[in-house]
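Hi,

Here is the structure I promised to pass on. Have a look at it first, then read my notes below.

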Amino acid sequence: MSTVDQVTAPVAAHGEGPVWHDGWPGVRWVDMLAGDVLELPASGEVVRHHVGTVAAALRPTVDGGAVLALERGFALADAALENVRPLGELWTDPAIRMNDGGCDPDGRFYCGTMAYAETPGAGSLYRLDPSGEVSTVLSGVTISNGLAWSPGGESAYYIDTPTHRVDVFDYSAEAGLTGRRPLFTIPGQAGSPDGMTVDAEGQLWVALWGGSAVRCYSAKGELLEHVTLPVSQVTACTFGGPALDELFITTSRQGVPEGEQPEAGALFRYRPGVRGLPAGVYGVP
């Protein structure tokens, strides 16, 4: 039986969105409300890059750099995250921020939003095309969270956290995301679904905010595994390592009483015995 290892100190107030890309120095994730991207190179010393007032999500680009979701819009950065070029604000309302996202098989980067006050229906899901054009894919969501594609790319999975559901879409390059429908529901007592990734066998790994766990489900919604962590606010997960066989898990200190859960905010790792998929890349393939 594999165990969960703590990889870093509790370096993030609100760790989210881990990403592994072979062209980067190591796994990267965000300390979201600090506006920082964190990086764990082979040396084991966490490197912090400040990219904006909020760092919501990031993915690699075809040239080895990064595409970012900041507080109210997208940005592009070089490989070292030293030069960040915002692409303009998509809205002006300071009550709304970017939250979580991912890339589709055709090189387009999506990120969803939420209200700081978690106002029902105040969020949307935006798509940034390689041309720089931005479109609204969904509206009326509350906490837009996990977004991941099946190994063949024909399906996409999506979480609007307060629904407690993982939904599935049909996907094609021409039509985008269509035919949204519920796939499975996570009981409230298990926690709230947050970030998500898909492994090479098509299984879904869902982080449970308030649930101290990551759960693995089949593509039909059957619960296959429950991985317990020593902290309650589990936010997201991704496969990484040279063989893509390590599940990196981010956590948060938000909502944790002072003096409790000293590991909250650390990066954890689990070896599940399956491999993941390479991170989606932004840009024309």
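In what order do the four strands of the open sheet come? The order is β10-β11-β12-β13, with antiparallel pairing. (Strands are DSSP runs of E with at least two residues, numbered from the N terminus, and two strands pair if DSSP finds at least two bridges between them.) β10 (96-103) and β13 (134-141) are at the edges with a single partner strand each, so one side of each has no neighbour in the sheet. Inside the sheet, β11 (residues 109-115) and β12 (residues 123-128) pair over four bridges, and F109 sits opposite L128 in β12.

A quick word on the source: this is a predicted model, where local features need pLDDT of at least 70, side-chain atom pairs count only at pLDDT 80 or more, and totals for chains, interfaces and linings use all residues. Residues are numbered from 1 along each chain as its sequence is written, and side-chain values use heavy atoms, with hydrogens and water left out.

Now the rings. There are eight aromatic pairs (Phe, Tyr or Trp, the last by its six-membered ring, with centres within 6.5 Å; planes under 30 degrees apart are stacked, over 60 edge-to-face, the rest tilted). W20 and F248 have centres 6.3 Å apart and planes at 5°, so they are stacked. They are 228 residues apart in the chain, and both are buried (under 20% relative accessible area, 1.4 Å probe, protein chains only). W149 and Y171 are edge-to-face, at 5.9 Å and 85°, and both are buried too. Ring pairs also join Y110, W149 and Y171 into a cluster.

Cheers

Terms used: Buried < 20%, exposed > 50% of the residue type's maximum accessible area, 1.4 Å probe, protein only.
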